[in-house]
Structures are given as structure tokens and as C-alpha cells.
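Morning, everyone. I have one chain to walk through today, so let me put it on the screen.

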Amino acid sequence: MRFRFLLVFTLLLCSFPNTSFAQEKISGPLLTEFGETYTVPQPDIPVDTTATYRVVFDIAKSPENPAELNPYFNTVARFLNMNTSAGVAQDHLKPVLVVHGSAAFGLLTNQYYKEKFGVDNPNLKLLEQLHALNIPIVLCGQTAGSRGITSEKRWQHTQMALSAMNALVYYQNLNYALISF
């Protein structure tokens, strides 16, 4: 009786199609230290490898622990890595970061970040790599003013906008898709 139950159970189990697939965590290819992604074999929504991806990331939050990399900055690295891995040419990826709210402190120089939080700025290495790829990093001027983030306190490649709202409208008028967190 026990054998018959095991046989029936095994046959039933084997009769269901295997719909699972293994996803491998990978790094790179553009930013090998940031933006790890997972492989997605045979996605149902295809990636258009001929399209140009103009995307403006609306980033307003920061991690609770100031010693941690801002995960929303890292999302831009993930966007670049996963699309490059999927076959989209690097020059077809046009992300922009618009930073405001508490995320603005991630754009402080190491000296001022350390003064404020007591730790090194964990975002600077990623920001430098994004800058090397010609990706604009725009700070809301209203946030900078309200939080005392003067030009001397900012990471040197920060671009300034009148406000995050103005920057987001500006890029959306240039046909950038908005990704907001």
C-alpha cells in the first residue's frame, strides 16, 4: 500500500510541467562593483535592443544607515548592467538622476558627509563611475537650499536645477520616461 501511494504521488508530481527556472545573480558588464542583477531566461516581455532608453530617475530617499550605499543610486547601475547584458548598446542607455529630499545628502563631498554622519560617503565611488559614463546627476536647488547643501559641500560633478519638479518636467519634455520611487 505504501509503495502504491509513493508511485502515484511520484507520477502526479512528474505530470506537472516544470515552470521554474534558475536565475543567476550576475555583476557588470558596465559597473562591475555595483548594480548586480539576475538573469531572466526567456522573458515574456522582450527587450528591444534597438531602442534608446531615455529614463529619468526621481530619487528622494536615502537608507536609514548613512554607511550604506543609496539603493536608489544603485538602481541606476542595475538599469545599466541589466540592459547591457540583455544586448542594448551602451550608447542607447540615457539615464539621468534627479536627486532631492534626504537622498541629496548622498551628493555631499566626503568631508562634509563625514562631518554630518561620522562615516565616509559610500555613494561617491558609484557617482564617479556614473559620471565617467556621462550620466547627469542633478540636484534639486530647493532641497539644496533648505538643507544647507552649498556648492562647496557638493560632489563636484553635481548639476543644479531650480527644483526637482522643474528637472523632472524638463527631461520628460525631452521624452524621458519617469521612474519614481
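Start with Phe105, in the loop between β4 and α3. Helices here are DSSP runs of H or I with at least four residues, strands are runs of E with at least two, and both are numbered from the N terminus. Is Phe105 buried or exposed? It is buried, with a relative accessible area of 13%. Buried means under 20% relative accessible area, exposed means over 50%, and partly exposed is in between, with a 1.4 Å probe and protein chains only. Which residues does Phe105 touch? Not counting residues up to four places away in sequence, they are Tyr113, Lys116, Phe117, Asn121, Arg147 and Ile149. Contact means heavy atoms within 4.5 Å. The C-alpha atoms of Phe105 and Ala144 are separated by 9.0 Å, and these two are 39 residues apart along the chain.

A word on provenance. This is a predicted model, where local features need pLDDT of at least 70, side-chain atom pairs count only at pLDDT 80 or more, and totals for chains, interfaces and linings use all residues. Residues are numbered from 1 along each chain as its sequence is written, and side-chain values use heavy atoms, with hydrogens and water left out.

Now the overall layout. The chain has 6 helices and 7 strands. From the N terminus the order is α-β-β-β-α-β-α-α-β-α-β-α-β. There are 181 residues in the chain, and 36% are buried. Take the contacts with a separation of 6 or more: 67% of them are between residues 24 or more positions apart. The accessible surface is about 11000 Å², with 55% of it on carbon and sulfur atoms. That area comes from the Shrake-Rupley method with a 1.4 Å probe; for residues, only the protein chains shown count as cover.

Next, the core. In soluble globular proteins, nonpolar side chains tend to be buried together. A nonpolar core here is a set of buried Ala, Val, Leu, Ile, Met, Phe, Trp, Tyr and Cys residues joined through side-chain atoms within 4.5 Å. The largest one has 31 residues. Those with the most contacts inside it are Phe73, Leu80, Leu97, Val99, Leu130 and Ile137. Two or more residues each come from β3 (53–59), α2, β4, α3 (110–117), α4 (124–132) and β5 (137–140). Helix α2 gives the largest share, 5 residues. Apart from this core lies another, of 11 residues, among them Val96, Val138, Leu168 and Tyr171.

Zoom in on Leu80, in helix α2. Leu80 counts as buried because its relative accessible area is 3%. Leaving aside neighbours within four places in sequence, Leu80 is in contact with Leu30, Leu31, Leu93, Pro95, Leu130, Leu133 and Ile135. Leu80 and Leu93 are 13 residues apart along the chain, and their C-alpha atoms are separated by 6.9 Å.

Pockets now. Rolling a probe the size of a water molecule over the atoms shows where empty space is left. The search runs on a 1 Å grid over the protein atoms alone: a cavity is a set of points where a 1.4 Å probe fits but cannot get out, a pocket is an open set with protein on both sides within 12 Å along at least five of seven lines, and lining residues have an atom within 4 Å of a point. Points are joined across faces, edges and corners, and a volume is the space filled by probe spheres set on the points.

The largest pocket holds about 270 Å³. Its lining includes Ile26, Thr37, Tyr38, Met82 and Asn83. Helix α2 supplies the largest share of that lining, 3 residues. By class, the lining has 8 nonpolar, 4 polar and no charged residues. Ala, Val, Leu, Ile, Met, Phe, Trp, Tyr, Cys and Pro count as nonpolar, Asp, Glu, Lys and Arg as charged, and the others, Gly among them, as polar.

Thr37 sits in strand β2. At 6% relative accessibility, Thr37 is buried.

The second largest pocket has about 160 Å³ of space. Strand β4 (residues 93–99) gives the largest share of its lining, 4 residues.

Last, the backbone. Most residues other than glycine have a negative phi, and most peptide bonds are trans. Gly28 and Pro29 are joined by a cis peptide bond, with omega about 10 degrees. Gln42, not a glycine, has a positive phi of about 55 degrees. Asn175 also has a positive phi, near 70 degrees.
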